[in-house]
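Have your viewer ready and follow along.

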Amino acid sequence: GSDMAAARTMACLSVASLARPFSSRVSSASCRAAVVAGGQRASLLGASQPRWGLTALRRRANRGFLTVEAKKKGFAELLSDIVPKDEDYNGRPRLDKGKVSAKQHVPNSIPKPPYADTGHLPPMNEDPQIHDAEGEEKMRAAGLLAAQVLDYAETIIKPGITTDFIDQKVHKMIIDAGAYPSPLNYGGFPKSVCTSLNECICHGIPDTTELREGDIINVDVTVYLNGYHGDTSRTICVGKVTDEVQRLVDVTEKSLAEAIKICKPGTPVRKIGATIHAIADEAGFGVVEKFVGHGVGKEFHSGPTVRHHRNNDPGVLVKGQTFTIEPMLTIGRTADRMWRDGWTAVTADGKWTAQCEHTLLITDDGVEILTASPMKKTERFPAKEATAA
């Protein structure tokens with residue numbers, strides 16, 4: 001009818017507005033020139049130079065993040081973005097924003113990162129973070145604490161609790177350990193942990209939303225301990241989930257484990273994305289391109305940009321380097337919608353998504369998982385101390 005005709009007209013106008021000259025190589029200077037003002041929050045994201053099938057990259061000055069925008073696949077996809085379907089998935093209504101409580105207190109005795117009091121974002125350093133022996137030990141300590149906190153968070157997750165309750169418990173454990181919860185006030189982020197439920201791809205803000213039987217939730221923990229950040233996450237099942245959702249979680253974990261196994265000095269960074277994408281393709285899941293892994297260490301986010309999809313990015317891994325791999329896989333399409341809070345990214349079609357993440361250290365001949373779970377000493381998809389052939 002007339003509504004559908006209007007939607008098609010809007011789609012055509014949107015296609016015209018998206019048309020840009022394609023460039024397979026974008027310099028660092030031009031990336032930084034693509035600053036778009038506006039917004040009130042920052043996304044915990046460290047993307048940089050797009051080189052493979054991408055049309056734009058923006059670092060939004062006040063929101064403080066880089067987004068990689070993939071080229072639209074066609075009219076049908078664009079139209080479905082404009083006229084979303086309202087069906088529930090797994091009988092769960094689509095997420096809605098709950099009430100966000102005040103930021104939690106951090107004692108003055110706790111060493112804080114530079115942004116903690118101001119809420120400002122540090123400038124993006126595109127260089128990798130490479131450590132000496134002392135730095136590696138501090139990264140191990142930060143990674144271990146992050147892993148312990150994530151393990152604890154999993155033990156308290158059950159139907160009926162709120163994501164704000166998870167934030168309270170995680171915050172207390174981090175503070176009690178003498179560390180700072182890295183997300184807190186990073187670009188104004190109001191909480192100490194990210195909780196991304198069901199169709200939320202990443203950066204969900206803890207609030208009064210209650211967990212239900214059959215949900216999945218990604219808990220993303222980063223701690224700042226003795227001047228170094230340790231960053232990890234995984235998707236946790238709330239009670240019994242459907243076979244399809246369990247398979248999504250399993251394949252996401254497997255893709256991370258297999259990507260870790262290929263890491264060693266000299267491994268092309270782009271091989272990480274190719275490995276993950278092949279596993280997702282075989283299982284029939286989508287790979288989110290917009291959000292990426294990143295360097296981590298003294299700085300929360302830095303180079304390299306670690307894409308989880310096939311790409312032609314330059315660069316190789318080097319000994320002493322620390323970074324994250326954090327694939328996000330989807331049951332449906334990978335297109336996202338950003339909530340007005342400037343943080344919460346959800347799938348446009350409402351289908352569910354899973355993510356897992358480790359902080360890694362490149363060793364002499366392989367890789368060490370700095371955030372390996374003490375609780376899961378025998379992992380279903382082992383990759384600890386992996387050495388690539």
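The buried residues of helix α7 are covered by elements that include α6 (243-261), β9, β11 (302-306), β12 (321-325) and β13; contact here means heavy atoms within 4.5 Å. This is a predicted model, where local features need pLDDT of at least 70, side-chain atom pairs count only at pLDDT 80 or more, and totals for chains, interfaces and linings use all residues. Residues are numbered from 1 along each chain as its sequence is written, and side-chain values use heavy atoms, with hydrogens and water left out.

Among the buried residues of α7 are Ile272, Ile276 and Ile279; buried means under 20% relative accessible area (1.4 Å probe, protein chains only). Helices (H or I, at least four residues) and strands (E, at least two) are DSSP runs, numbered from the N terminus. After α7 comes Gly284, with a positive phi near 85°.

Now to the sheet. Its three strands form an open sheet in the order β9-β13-β16, paired antiparallel; pairing requires at least two DSSP bridges between two strands. β9 and β16 are at the edges with a single partner strand each, so one side of each has no neighbour in the sheet.

| Strand | Residues |
|---|---|
| β9 | 286-287 |
| β13 | 328-330 |
| β16 | 353-355 |

Three bridges connect β13 to β16, and Thr330 lies opposite Thr353 in β16.

Finally, Thr209 sits in the loop between β6 (200-202) and β7 (216-225). Is Thr209 buried or exposed? Thr209 is buried, its relative accessible area being 18%.

Key: Buried < 20%, exposed > 50% of the residue type's maximum accessible area, 1.4 Å probe, protein only.
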